[in-house]
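Trainee: I have a model open and would like to learn how to read its features. Where do we begin?

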Amino acid sequence: MPVKADKMPGWTISNKEMTKEAMKLSFQLNREYTLSKDQYTATMHDNFLALSLAVRDRLVERWIKTQQSYHKKNVRRVYYLSMEFLIGRLLGNNIYNLGIEKQSDEALAELGMDMDVVREEEVDAGLGNGGLGRLAACFLDSMASLAIPAHGYGIRYDYGIFNQKIQNGFQVETPDEWLRSGNPWEFARPENTVKVCFYGRTQMFKDQDGKLKIKWVDTQNVLAVPYDTPIAGYKNDMVNTLRLWSARSSEEFDFDYFKSGDYDQAVYKKILSENISKVLYPSDNISQGKELRLKQEYFFTAAAISDILRRFRVENPNLKDLPNQVVIQLNDTHPTLAIAELMRLLIDEYSMEWATAWDVTTKVFAYTNHTLMPEALECWPLDLFENLLPRHTQIIYEINAQFLKSVAQRYPGDEDRLRRMSLIEEGHPKKIRMAYLAIVGSCSVNGVSKLHSDLLQEKLFRDFYELSPQKFNNKTNGITQRRWLLKANPKLSGLITKSIGEKWVRDLSELQKLGDFKSDKAFREHWFDIKRQNKSALAQFINARMNISVDPQSIFDVQIKRIHEYKRQMLFALYIISQYLRIKNNPREFIYPRTFMIGGKAAPSYSMAKLTIKFINSIADIVNQDKGVSDKIRVVFLENYRVSLAEKIFPASDLSEQISTAGMEASGTGNMKFMFNGALTIGTLDGANVEMAQEVGDENIFIFGLKADEVAHLKQKGYHPKGYIDRCALLREIFQMVQGDFFSPHSPGLFSPILHALMQDDQFLVCADFESYCQTQDKVSKMYLNKDEWIKKSIINVSKSGYFSSDRTIREYAKEIWRIPVSH
């Protein structure tokens, strides 16, 4: 029903209306009646909330209709389980997906406000650590935009990924209180609260039919309270759901302790229970941290499986039909406990026979692996696991026994193979191999780039691939163009739409048409001017926030990603030093000015990564204060890298640093974000770089370094970094500078661990790739001197980026794994 606004005669508004006038009135009504503010008392944050609520009103109606449609049609649904959802800010994204950006801008302008200022009030929802969580957010966007019935499940962390402060060059972590001022996008659903059990013991008994049953008893219970966030598709009136679980104590406090005056003890259990959803990724260097991490994984998977079964049973009485209506995608190894939990519920709660339950389970789950790093495959100490989840331990042992029996039948007498493939790793202590459980319990196992999937099959999971090759497949990652081009780079997306139409927003393969414009001089000039404007905007931001002046005419050479040794921020740092030395020693050899930008967070307990940040900032201090070089090179560490900052950086970047050791990066998605925005890539043939090179051609990307098979061969025969150091005078000079405390004059020996790691072991082959990297960087500088040629390559990169849309990735998942039709 339309609502009459008494103070605005003649105005009516319906949630269906998307006009400027409707948005303006909706903003005013929400500010007055929901927030109890007016134009005089409202803060800018109140104005952000009022606009968000006006946008949310339009989402909600479509959300309810979408969910009603799913129920009425009893559709097959995808459930996407992920420990991380790095969704960032939602206001701009929702405005774009509803198609009301012009109306919203004009409504605010008439009320005397600027949309950019209002949007800056939103806090990033930092519920993820990097690429894994951002990928999950892109996939949610694509699933809604492709009208795929889907639900995301994760944890509503009270504190997201920490805020990063740089103090004296060191990373300092501060809490990310993203919920401090409220979250206008979420809805609490206490009526769907789920009880989650921990600890206790198992008890055998016979049921009324004389069958032997097992009961999990004497448990400690926690309540999982769901909070729903609507996820809008792009201009299609479809709205899916992201459901995040918050931990609440089953008892508010112990009244006996309260009566006796022991108030701390009275609320001890409540605090302990609610710690589960308190923080993203607790430190697992100590036993309590490991246990909390395992609790988190079981907490959200148990709540999700219970919720999935509840929703399924509304229209489907027979749980044997679950595979017909449900597919559960595990986003990496963290949610693997969902397999054991579904088995527990089917057997213990719904009295299903083991063979039937296992058949149902293995048809429902699909597993995406995101890493080749052994430490990320999750092996839990058996004693910890058994103490926390005694019933699940029994179930996993039975799964393992049945599985090894089938392996023994296929490979009789091969005891070594049985040992390698067992879900239980023998040793001291024994461990449960969660990645192996995910493979055994799923109908599909996929990697996230062609190279990554090949390495999974040939190396990491070779035994499992030989046993069940039909399970394994590749789904190269993608990102949503609606966030990373349409929203992040409105000037470039405006030029693209003006030139080839707006179909690209739904079908990124349309960007191929841009290839026709690379020889158009006026188009190239417009393209270059947009890049210049974006660089100037970022330069102003850096100057305002960091008091560092950078030249927009220089090459913006950028590496932004999680700080990790395999991503080789150290290689980038050594190259920066080499350029400093070139200017000092041979200034005529210096080719073109650069602004080096590095951003990313190091895990709080990862000492080498944190020392790398200090090293980079120490280099920046020397370079930026040296008047003899500061007009040629500048070094900027971009503090507190996050989604909203990324949206400023990608459109302004000229060169994308994707320089991980070949064979280490599963895919990477930052490379795609740079590509969407016209940056050229310098990188190894690692992850999705391989497919990027195939798409754009070798002449439009700068590839260097050892290939994955060459890395493996070098390590196998014995890699000795000293030989590479001895052969490279420049590398020796750099190491002598570091050893002489040139970058740490007041803290002698500060960077000795870095030198030791590179000179003694060099696990990630920085020394082996250094010369090739420097030579390729020279090619970059020389190419940039030819502006026309550079712009052509930039246009070609964007025109060839269509393959890297998450819409394409999700279409492949839907067709080949989920068996869900997608409209074109």
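Trainee: How many aromatic pairs does a search of the whole structure find?

Mentor: Keep in mind that this model is predicted. The search of the whole structure gives 29 aromatic pairs. One of them is Phe139 with Tyr813, an edge-to-face pair.

Trainee: Which parts of the chain does the pair link?

Mentor: Distant ones. Phe139 belongs to helix α6 (residues 131–145), and Tyr813 to helix α34 (residues 806–818). They are 674 residues apart in the chain.

Trainee: Are Phe139 and Tyr813 buried or exposed?

Mentor: Both residues are buried.

Trainee: Which residues form one aromatic cluster?

Mentor: Look for Phe572, Tyr575, Phe596, Phe704 and Tyr773. These five residues form one cluster.

Trainee: Where does the charged end of Arg417 sit?

Mentor: Over the ring of Tyr411, 3.9 Å from the ring centre. Lys295 gives another case: its charged end sits over the ring of Phe198, 5.7 Å from the centre.

Trainee: What does Ile148 touch?

Mentor: Leave out residues up to four places away in sequence. Then the contacts of Ile148 are Tyr70, Val78, Met143, Asn240, Ile810, Ala814, Trp818, Ile820 and Val822.

Trainee: How do I read a helix? What does α24 reach from its first C-alpha to its last?

Mentor: Compare its reach with the expected span. Helix α24 (residues 607–625) has 19 residues and reaches 27 Å, close to the 27 Å expected at 1.5 Å a residue. Then check its cover. In α24, 14 of the 19 residues are buried, so the helix is mostly covered.

Trainee: What should I look for in the backbone?

Mentor: Start with the general rule. Most residues other than glycine have a negative phi, and most peptide bonds are trans. Then look for exceptions.

Trainee: Which residues does a cis peptide bond join?

Mentor: His428 and Pro429, with omega about 5°. Pro429 lies in the loop between β18 (424–425) and β19 (431–433).

Trainee: What is the phi of Lys235?

Mentor: Near 50°, a positive value in a residue other than glycine. Lys235 is in the loop between β13 (220–232) and β14 (239–249). At 37% relative accessibility, Lys235 is partly exposed.

Trainee: And where does Asn640 lie?

Mentor: In the loop between β24 (633–638) and α25 (643–649). Asn640 has a positive phi of about 60°, although it is not a glycine. Its relative accessibility is 11%, so Asn640 counts as buried.

Terms used: Residues are numbered from 1 along each chain as its sequence is written. This is a predicted model: local features need pLDDT of at least 70, side-chain atom pairs count only at pLDDT 80 or more; totals for chains, interfaces and linings use all residues. Side-chain values use heavy atoms; hydrogens and water are left out. Rings of Phe, Tyr and Trp (its six-membered ring) pair if their centres lie within 6.5 Å; planes under 30 degrees apart count as stacked, over 60 as edge-to-face and the rest as tilted. Helices (H or I, at least four residues) and strands (E, at least two) are DSSP runs, numbered from the N terminus. Buried means under 20% relative accessible area, exposed over 50%, partly exposed in between (1.4 Å probe, protein chains only). A charge sits over a ring if NZ of Lys or CZ of Arg is within 6 Å of the ring centre and within 35 degrees of the ring normal. Contact means heavy atoms within 4.5 Å. The expected span of a helix is 1.5 Å times one less than its number of residues.
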